Amino acid sequence: MTETTRRTVVFGAGSAGLAAVLTACASYGSPTTEVNEEPAAEEPSSDAPKKKADSKPKALADVSDIPEGGGKVFEKQKLVVTQPTAGEYKCFTAVCTHQGCLVATVSNKTINCPCHGSKFSIEDGSVSAGPAGDPLEEKQIEVDGDKIRLA
């Protein structure tokens, strides 16, 4: 009677797995098949860029969402949009330059970080109160009718 050892079981399982991988690689299509499939794969992708070029980026907010002299933080996008003066909109990264926390509020004409108390100007993202030493990075936006979008 033959005794089955752990080594025999592991070797057998490894051999079976190797055989399956080699079989899968060896049965992958021939060059003729790949050439015939290539044009069909390109046709849908050639339409995709046209659709993207025609569509506008999703709006961040309506202009009515951004109060004059204040702003709104968009946590998911890590952005903050402000309106320093009537009809003037600015956008900055919502990541504090001190230690990378997300800013939380906009009040009293400053963008406020809850972690260590840094404050940034709603006009240009400059530091109004430390410990942050660098301004918030400005992002380009465009106002399209009543929608605010990233440019």
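In what order do the three strands of the open sheet stand, and is their pairing parallel or antiparallel? In this predicted model, the order is 1-11-10 and the pairing is antiparallel. Strand 1, residues 61-62, and strand 10, residues 141-144, stand at the edges with a single partner strand each, so one side of each is left without a neighbour in the sheet. Strand 10 is joined to strand 11, which covers residues 147-150, by four bridges, and the two run antiparallel. Within this pairing, Ile141 has Leu150 of strand 11 as its bridge partner.

A further open sheet is built from four strands in the order 2-3-4-9, again with antiparallel pairing. Its edges are formed by strand 2 and by strand 9, residues 138-139, and because each of these has a single partner strand, one side of each is left without a neighbour in the sheet. Strands of a sheet pair through backbone hydrogen bonds, either parallel or antiparallel.

Strand 2, residues 70-74, is mostly covered, since four of its five residues are buried. Five bridges connect strand 2 with strand 3, residues 79-83, and these two strands run antiparallel. Together strand 2 and strand 3 make a hairpin with four residues between them, and in the turn Lys78 has a positive phi of about 55°. Cys91 is buried, with a relative accessible area of 0%.

Strand 4 also holds Thr93, which counts as buried because its relative accessible area of 13% is under the 20% cut-off. The side chain of Thr93 reaches the backbone nitrogen of Val95 at 3.3 Å. Leaving out residues up to four places away in sequence, Thr93 touches Lys78, Leu79, Val80, Leu136, Glu137 and Lys139. Lys78 from this list is the turn residue of the hairpin between strand 2 and strand 3.

The largest nonpolar core has 14 residues, of which Val73, Val80, Val103, Val106, Ile111 and Phe120 touch the most other members. Apart from this core lies another, of 10 residues, among them Ala61, Phe74, Tyr89 and Ile148. Val103, when its neighbours within four places in sequence are left aside, is in contact with Val73, Ala94, Ile111, Asn112, Cys113, Pro114 and Phe120. The C-alpha atom of Val103 is separated by 8.3 Å from that of Cys115, which is 12 residues away along the chain.

Which cysteines does a disulfide join? The bond is between Cys101 and Cys115, with an S to S distance of 2.1 Å, and the count of disulfides comes to one. The pair links distant parts of the chain, 14 residues apart: Cys101 lies in the loop between strand 4 and strand 5 (105-107), while Cys115 lies in the loop between strand 6 (110-112) and strand 7 (119-121). The link of Cys101 and Cys115 is left-handed, with -110° about the S-S bond. Cys115 is partly exposed, with a relative accessible area of 37%.

Cys96 itself counts as buried, at 4% relative accessibility.

The chain averages a pLDDT of 79, and 66% of the residues score at least 70. Confidence is highest in strand 7, at 97, and lowest in helix 2, residues 31-54, where the mean is 48. Over residues 27-43 the pLDDT stays under 50, and for this stretch the model has two contacts beyond four places in sequence.

Technical notes
Residues numbered from 1 in each chain as written. Predicted model: local features only at pLDDT ≥ 70, side-chain atom pairs only at ≥ 80, totals over all residues. Heavy atoms only, no water. Core = buried A, V, L, I, M, F, W, Y, C linked by side-chain atoms within 4.5 Å. Buried < 20%, exposed > 50% of the residue type's maximum accessible area, 1.4 Å probe, protein only. Contact = heavy atoms within 4.5 Å. Pairing = 2+ DSSP bridges. Disulfide = S-S within 2.5 Å. Polar contact = N/O pair within 3.5 Å; in protein donor to acceptor, adjacent residues only side chain to side chain. pLDDT = per-residue confidence, 0-100.
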